[in-house]
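Here are my notes on the model you sent over.

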Amino acid sequence: MAAAVSGPETASEGQEPLLSPREAAEEESRDVVETQEHYKSRWRSIWIMYLTMFLSSVGFSIVIMSVWPYLQKIDPTADASFLGWIIASYSIGQMVASPLFGLWSNYRPRREPLVVSTAISVAANCLYAYVHVPHSHNKYYMLTARALVGFGAGNVAVVRSYIAGATSLTERTSAMANTSACQAVGFILGPVFQTCFTLIGEEGITWKLVDLQLNMYTAPVLFGALLGVINIILIFAIFRERRVDDMGRQCTSINFEGEDSSVLDQDAEGNIDHVAVVAINFLFFVILFVFAVFETIATPLTMDMYSWTRKEAVFYNGIILSVVGVESVIVFLVVKILSKKTGERAILHGGLLIVLVGFFILLPWGKKLPNIQWQEIKNNSIPRTMPTEMLMPLWNLQAMQPPSNQTVEPVGCPVTQSWCLNTPMIYLAQYISSDILIGLGYPVCNVMSYTLYSKILGPKPQGVYMGWLTASGSGARILGPVFVSQIYTHLGPRWAFSLICGIVVLSLLLLEIVYKRLIAFSVRYGRMQEDC
């Protein structure tokens with residue numbers, strides 16, 4: 001009887017056991033059902049990763065609406081072209097840091113790169129709050145601060161690789177969708193926080209003891225630093241290394257046991273469709289590229305077209321994006337239900353079409369020219385209004401603006417931008433309609449890209465591939481602001497938005513070509529059947 005229950009150690013004398021003690025322990029561990037305590041701890045850690053992703057996105061977008069007027073205030077030598085580099089510097093830092101933090105997380109507990117990266121973001125936000133202090137080269141200090149914030153945001157690769165290893169196949173699609181949703185909500189809701197801080201005003205409060213100016217430009221980044229500190233505390237207090245296999249059985253995390261403890265899952269046998277992987281990376285690049293253009297151009301466009309002051313541009317655009325943020329939350333709730341009926345590919349196709357229509361509407365169509373800001377006339381703009389073209393009172397903002405002799409700053413489309421003299425203005429109705437459509441299409445495309453990508457990769461280790469996806473997104477956020485700043489400044493909105501429409505059309509053609517290849521890893525190898 002004793003021999004019957006003694007286990008693999010009691011093999012017949014002189015006979016080699018089928019499994020070594022270590023292999024037997026691994027095989028036994030694969031049959032252990034996940035305990036309730038492990039399950040709760042695992043999902044608490046995943047929720048901390050959701051929060052980290054959200055805060056990383058907020059760090060990018062919380063100053064998007066105010067960086068241009070703040071740059072003009074602290075350094076008059078900066079122009080719209082330099083604005084593009086400042087916004088792109090965030091993504092340059094993230095693109096450099098993502099593979100480094102990803103490599104770090106492969107060999108050490110993930111808590112280390114998560115805490116270090118978040119601490120870098122906190123310090124960089126504090127630096128941004130002090131860029132007004134130096135007597136010269138302020139724009140370069142702002143550039144450095146934004147680059148360091150982006151470097152800290154390189155932890156998104158760590159976040160995605162952790163979630164991939166901490167979820168079963170049935171959980172992974174939803175978890176990846178939630179991750180992308182948190183990222184997208186962070187991008188969209190960041191300006192909401194900025195809008196709240198516009199109530200402080202441009203002057204705000206000065207704390208002379210530490211040379212700190214708390215105003216509508218610095219308060220958002222200090223708020224971001226506070227959120228970062230809270231995130232670090234939660235990582236120490238709640239985050240734990242948890243891992244399950246594709247079937248949801250609890251495993252030992254490789255970050256503590258080393259590479260020798262990893263076990264190759266039989267379900268991982270097979271090659272990833274790299275054509276599909278490259279296609280999703282390109283589509284993801286386009287999606288983030290057009291949204292970066294959308295966020296970057298909002299403030300300069302509205303200041304040029306509607307003669308808004310810096311404060312008005314930040315405030316009004318913040319309100320508009322706040323509404324878009326609420327719209328996006330509703331989209332996230334609907335799209336997860338809709339994807340079960342139509343499939344992710346069809347929804348991605350529809351999202352790209354919506355984005356295309358959004359930018360097409362933004363093209364200048366009328367004959368009315370924007371108000372011109374003449375450099376030699378201070379604090380004044382010369383209206384160029386045709387009497388026969390009247391807008392509905394709902395869209396007429398002239399009544400909301402103070403008389404020209406009372407403005408504190410020059411407003412209107414600068415005469416240095418030669419296109420202002422011959423390009424029709426974009427009506428406010430066009431701008432708001434475009435905001436609504438792009439705010440609808442972007443989150444749809446974002447979520448579906450991540451969901452399809454995680455399914456295509458399947459049970460394979462996803463750290464390197466997620467790093468490539470992060471790099472493609474970072475590259476888009478680098479090129480998008482630089483592209484639109486250069487094209488918009490020198491050629492105007494008609495050229496800028498026409499080129500964007502062309503890029504989206506190309507992405508739609510690519511999606512049609514690879515449509516049948518964008519299927520889950522398990523479906524490709526016949527282990528599961530495709531629902532849609």
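1. Is C445 buried or exposed? C445 counts as buried, because its relative accessibility is 1%. (Buried is under 20% relative accessible area, exposed is over 50%, and partly exposed is in between, with a 1.4 Å probe and protein chains only.) C126 has 31% relative accessibility, so C126 counts as partly exposed.

2. Some ground rules before going on. This is a predicted model, where local features need pLDDT of at least 70 and side-chain atom pairs count only at pLDDT 80 or more, while totals for chains, interfaces and linings use all residues. Residues are numbered from 1 along each chain as its sequence is written, and side-chain values use heavy atoms, with hydrogens and water left out.

3. Now the overall picture. The protein has 17 helices and 6 strands; these are DSSP runs numbered from the N terminus (helices are H or I, at least four residues; strands are E, at least two). Of the 532 residues in the protein, 55% are buried. The protein exposes about 23,800 Å², and 65% of that comes from carbon and sulfur atoms; accessible areas are from the Shrake-Rupley method with a 1.4 Å probe, and for residues only the protein chains shown count as cover. Among contacts with a separation of 6 or more, 83% are between residues 24 or more positions apart (contact means heavy atoms within 4.5 Å).

4. Back to the cysteines. A search of the whole structure turns up 1 disulfide, a disulfide being a pair of cysteine sulfur atoms within 2.5 Å. C413 and C420 form it, with their sulfur atoms 1.8 Å apart. The torsion about their S-S bond is about -55°, so the disulfide is left-handed. Both C413 and C420 are buried.

5. On to the aromatics. The structure holds 20 aromatic pairs; rings of Phe, Tyr and Trp (its six-membered ring) pair if their centres lie within 6.5 Å, and planes under 30 degrees apart count as stacked, over 60 as edge-to-face and the rest as tilted. Y162 and F239 make a tilted pair, 4.9 Å centre to centre with 55° between the planes. Y162 lies in helix α7 (residues 156-165) and F239 in the loop between α9 and β3 (243-244), so the pair ties together parts that are 77 residues apart in sequence. Y162 is buried because its relative accessibility is 1%, and F239 is buried because its relative accessibility is 0%.

6. Another tilted pair is F197 with F223, at 5.8 Å centre to centre and 55° between the planes. This pair links distant parts of the chain, with F197 in helix α8 (residues 169-197) and F223 in helix α9, 26 residues apart. F197 has a relative accessible area of 19% and is buried, whereas F223, at 23% relative accessibility, counts as partly exposed. Elsewhere, Y306, W308, F315, Y316 and Y431 form one aromatic cluster.

7. K139 lies over F82, at 4.9 Å from the ring centre. The criterion is NZ of Lys or CZ of Arg within 6 Å of the ring centre and within 35 degrees of the ring normal.

8. Have a look at R160 in helix α7. What makes R160 count as buried? Its relative accessibility is 2%, so R160 falls in that class. Leaving aside neighbours within four places in sequence, R160 is in contact with M53, M176, Q183, Y450, M466 and T470.

9. G228 sits in helix α9 (residues 219-237) and is buried, at 9% relative accessibility. Not counting residues up to four places away in sequence, G228 touches T118 and V122. G228 and A119 are 109 residues apart in sequence, yet their C-alpha atoms are 7.2 Å apart in space.

10. Two backbone angles to check. Phi of H137 is near 55°, a positive value in a residue other than glycine. H137 is in the loop between α5 (111-128) and α6 (138-152) and counts as exposed, at 52% relative accessibility. Phi of S307 is near 55° too, again positive in a residue other than glycine. S307 is in the loop between α11 (274-306) and α12 (310-342), but S307 counts as buried, at 3% relative accessibility.
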